[in-house]
Amino acid sequence: MKAPVLRRGRTVWLGKSNARNQYPVLRGQHDVEIAIVGGGMTGAMVAEAFTRHGVSVAVVESARVGMGSTAASTALLLQEPDYDLEALTRKYGRNKAKRIWTLGQEAAADFVDTLTRLNIKCDLDERPSLYYTLAADRARLLQRELRKRREARLGGEWLDARALQRAAGIRGDGGAIRTSGNAQLNPLQACTGLIDAAAKRGAAIFERSTINRIRSIGDGVRLYSARGTVDAAQVVIATGYATKYFRPLAGKFRMRHTYVLATNRIGMLARRRLGMGKVMLWDTERPYHYVRWTPDHRLLLGGADHPVKRGARRERQFKEATSALRDYFEEMFPVLRDVGIDRCWEGLFAMTPDSLPYIGPHRRYPKHAFALGYGGNGMTFAALAARILVEQWQGITSPDHALFAFNR
């Protein structure tokens, strides 16, 4: 299951001095109840959840734990899906759309509670998000979206143009929906902390071990790497998207590159001139832009998502996208023209047609469960996937499962 490169460039998380456990290469034969392919945030959340319920687990990661898309994340923990409530209501109806949003709220809270309960040091910082627009015509649409949310009792507060400027330093004719209960963190530290917690409960963790084949055996499956095997009652595929091994599923995903700029550290006077408080920002444009602070007073500026391109076209797209990001944010925050950019990077992620992940079994693959296609809500949906997959393993049935099934 060799995968394409999930990250390009050196992110700010890799620059942190972070002592981490080293895990061995898969060698020999191992027997567990649940085998998890993928050691990113989803694999880590799923491993933690299963081991918490006393299930024996093995995690097999082709590189190093957390070093793929997780290390490229800007780690905005948002309860809102990429699709607005109004858009999901048109597609699935009012009750299902409300339930999807409620599950997002619960998953974001579960994620925070898990990190807090395990005392994982990852710069976890709960703060509100502002879903904003700078245009008056889009502000009217955004107000309509807020009315829909309030009718569904999902909360939210309207900020007019003046209030938005006070909260975030943004000048314009638009406004924003302020949502409480979101958070930001260091994704690499969170991921490795969750894996370490699973390992302390007895999970077998293997790094630098590519799974080349999965075969049905008796009542379970056998996973093969170059030097070892894992027998399990069930395998969870937590690779983020359908790898070449699952080619028949590839049509359900659109692969995208996202881009991030990290500014140099911003001094106190410049931060005052910039005006962005302790909030996270994302806008109504598609693809959207997003912004957050780091603990050492940098801004992470993301967005400009594009379909995947290869070779020289990828190089050109990287330069064009990061340049467009810089232009956009320097116009929004003129102070940044004097701050400078320290580094930039690119991440790979999968989108589904409705922005929701696929979680659970697929009829084509017995004894398999999947957790794929998170869009921009990887951490939130990782927590939701962990919950759903444990419930399905326990034999619990719920209408919630159908909302994220392959045949929805």
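This briefing describes selected features of one protein structure, grouped by topic. The structure is a predicted model. Its largest nonpolar core has 59 residues, and helix α10 gives the most to this core.

**Nonpolar cores**

- The largest nonpolar core comprises 59 residues, and those with the most contacts inside it are I36, F111 and F404.
- Helix α10, which spans residues 378-393, gives the most to this core, with 10 residues.
- Another core, of 31 residues, lies apart from the largest one; L159, I266, L281 and M332 are among its residues.
- When neighbours within four places in sequence are left aside, F404 is in contact with I100, L103, L356, P357, Y358, I359, F381, L384 and I388.

**Helix α1**

- Helix α1 covers residues 41-52 and has 12 residues.
- From its first C-alpha to its last, α1 reaches 16 Å, close to the 16 Å expected at 1.5 Å a residue.
- The buried residues of α1 are M41, T42, G43, A44, M45, V46, A47, E48, A49, F50 and T51.
- G54 follows α1 and has a positive phi, near 80°.

- Strand β9, residues 183-184, pairs with β4 in the antiparallel sense over two bridges.
- In this part of the sheet, L76 stands opposite Q184 in β9.

**The loop between β9 and α7**

- N186 is found in the loop that runs between β9 and α7 (187-200).
- N186 counts as buried because its relative accessibility is 0%, and the cut-off for a buried residue is under 20%.
- A polar atom of the N186 side chain lies 3.1 Å from the backbone nitrogen of L188.
- The N186 side chain also reaches the backbone nitrogen of Q189, at 3.0 Å.

- N119 is a residue other than glycine with a positive phi, near 55°.
- The position of N119 is in the loop between α4 (94-117) and β5.
- N119 has a relative accessibility of 51% and therefore counts as exposed, the cut-off for that class being over 50%.
- S355 likewise is not a glycine, yet has a positive phi of about 75°.
- S355 is placed in the loop between β18 (341-351) and β19 (358-362).
- With a relative accessible area of 1%, S355 is buried.

**A cis peptide bond**

- The peptide bond from R286 to P287 is cis, and its omega is near 0°.
- P287 lies in the loop between β15 (280-283) and β16 (290-293).

Technical notes
Residues numbered from 1 in each chain as written. Predicted model: local features only at pLDDT ≥ 70, side-chain atom pairs only at ≥ 80, totals over all residues. Heavy atoms only, no water. Pairing = 2+ DSSP bridges. Helix = DSSP H or I, 4+ residues; strand = E, 2+ residues; numbered from the N terminus. Buried < 20%, exposed > 50% of the residue type's maximum accessible area, 1.4 Å probe, protein only. Polar contact = N/O pair within 3.5 Å; in protein donor to acceptor, adjacent residues only side chain to side chain. Core = buried A, V, L, I, M, F, W, Y, C linked by side-chain atoms within 4.5 Å. Contact = heavy atoms within 4.5 Å. Expected span 1.5 Å × (residues − 1).
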